[in-house]
Amino acid sequence: MIRKTLLASGIAGVSLATVAATVAFADGTERPAAAKSGWQKVGEGMTGGVSGLAVAGSEHGRIDTVVARDNKEAGQVRLSAVRLEHGHAPVVRDLKWAGSEVPKDLESLDTVPGRPGEYTTLSSGDGGKFRPTVYGLKVSGGTATVRWSAPLPGTGHYKGDDTQNYEAFAVHRDRATGKDVAVWATRGSNGTASQVRAAVLNPSASAAKNVFSHVTDPVAFRAPWPAQDEVRHISDMKITADGTVVLSAAQDPNKNSGPFSSAVYEAGRLTADKGRPELKLTKPEEVRRYTTADNRKIEAVALLPGDRALWGTDDEDFGGSVLLDHVED
């Protein structure tokens, strides 16, 4: 069960209230936050959504995170550091992207096991013009520096349609072999199932084509809910320390004002046989559901120890918010 698997996530325990009166932005301004719901605003408008979320560290009632923004235009923010602290509004600091290219449409973010300050993020591509690409980052100070990049396997003929619109990328360290395994997924759409794959991740490979090896066949996934109005069967995904697959699904009716809805599921296990990944998806077990009345489009998941997790939203006109939630059995 998810509560037991989160206990093994290896992040120091926290006790954080999720109520804030204002939101602090990088320009020094503060604006009201929707405190009563528990959601905390961490970005305004269309460029302020949260499309990926990773926990950088936590101690003494404080959680430091990095969030991805799915922006596409030059000069727009790609990554932000967000501090959540008991009794205080979130503090948001935009990060400078340092690399040979600025990606379009970042849709995921995850930590690299055993490497503090290092992350992976996935660019979903851009209408077939730019191939989906994974970036390895080192975040230090106010800069995210690209250490390596590699195209996602199987995207050589990417067309930017629903069958190849990539939404999730997570990294898991196999306990038995010590190898890192990457898992990624298309988002799917209504009758088109998400396709989930896994591979051994070799970020120190001398050539980009060798970063991924032992790629598995795709495994289909359909979320049982939401079930209408442009369903995204997988909007983000994380793998717990014992290999449990935790993912979110969302409804986006392609209207920037919503209504949106979301659900979070346990959906299977990732294992390894002689160092080769094996991905088994099962009937999804619902962890949490947010209805259209909540008007939240969860596109980011991060796991904390015990019975806690962070959800992040990309609510289009309404910006991005995060919630520290309980995920008890």
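# Close-up views of a predicted model

View 1. Strand 22 and strand 23 (residues 308–313) are joined by 5 bridges and run antiparallel. Within this pair, Val 301 sits opposite Trp 311 of strand 23. The model shown here and in every view below is predicted. The sheet is open and has 4 strands, in the order 3-24-23-22, with antiparallel pairing. Its edges are strand 3 (40–43) and strand 22 (298–303), and each of these pairs on one side only. On average, neighbouring strands of this sheet are turned by 30° against each other, direction ignored.

View 2. Strand 8 (residues 96–98) runs parallel to strand 12 (residues 143–151), and 3 bridges join them. Here Lys 96 has Thr 143 of strand 12 as its bridge partner. Thr 133 stands opposite Pro 151 in strand 12. Strand 11 and strand 12 form a hairpin, with 2 residues between them. In the turn, Gly 141 has a positive phi of about 65°.

View 3. Thr 155 belongs to the loop between strand 12 and strand 13. Its relative accessible area is 1%, so it counts as buried. The Thr 155 side chain reaches the backbone oxygen of Leu 152 at 2.6 Å. Leaving aside residues up to four places away in sequence, Thr 155 touches Arg 131, Pro 132, Gln 164 and Tyr 166.

View 4. In soluble globular proteins, nonpolar side chains tend to be buried together. The largest nonpolar core in this model has 21 residues. Val 183, Val 196, Met 237 and Leu 247 have the most contacts inside it. Two or more residues each come from strand 13 (166–173), strand 14 (180–186), strand 15 (194–201), strand 18 (231–239), strand 19 (244–251) and strand 20 (261–273). Strand 20 gives the most to this core, with 4 residues. Val 183 touches Ala 168, Phe 169, Ala 170, Val 196, Arg 197, Ala 198, Met 237, Ile 239, Leu 270 and Leu 279, not counting residues up to four places away in sequence. Another core, of 15 residues, lies apart from the largest one. Its members include Val 50, Leu 53, Leu 84 and Leu 310.

**View 5. Gly 52 is buried in strand 4.** Gly 52 is placed in strand 4 (residues 52–59). Its relative accessible area is 0%, so Gly 52 is buried. Gly 52 and Val 66 are 14 residues apart along the chain, and their C-alpha atoms are separated by 8.2 Å. Not counting residues up to four places away in sequence, Gly 52 touches Val 66, Val 67, Ala 68, Ser 108, Leu 109, Glu 299 and Ala 300.

**View 6. Two prolines follow cis peptide bonds.** Most residues other than glycine have a negative phi, and most peptide bonds are trans. Trp 225 and Pro 226 are joined by a cis peptide bond, with omega about -5°. Pro 226 lies in the loop between strand 17 (219–221) and strand 18. A cis peptide bond also joins Gly 258 and Pro 259, with omega about 5°. Pro 259 is found in the loop between strand 19 and strand 20.

View 7. His 214 is not a glycine, yet has a positive phi of about 55°. Its place is the loop between strand 16 (212–213) and strand 17. With a relative accessible area of 36%, His 214 is partly exposed. Asn 295 is not a glycine either, and its phi is positive, about 55°. Asn 295 lies in the loop between strand 21 (276–290) and strand 22. Its relative accessible area is 18%. Buried means under 20%, so Asn 295 is buried.

Note on methods:
Residues are numbered from 1 along each chain as its sequence is written. This is a predicted model: local features need pLDDT of at least 70, side-chain atom pairs count only at pLDDT 80 or more; totals for chains, interfaces and linings use all residues. Side-chain values use heavy atoms; hydrogens and water are left out. Two strands pair if DSSP finds at least two bridges between them. Axes are lines fitted to C-alpha atoms, for helices over the stretch in contact, and angles run from 0 to 180 degrees between N-to-C directions. A nonpolar core is a set of buried Ala, Val, Leu, Ile, Met, Phe, Trp, Tyr and Cys residues joined through side-chain atoms within 4.5 Å. Buried means under 20% relative accessible area, exposed over 50%, partly exposed in between (1.4 Å probe, protein chains only). Contact means heavy atoms within 4.5 Å. A polar contact is a pair of N or O atoms within 3.5 Å; within protein, one must be able to donate a hydrogen and the other to accept it, and residues adjacent in sequence count only if both atoms are side-chain atoms.
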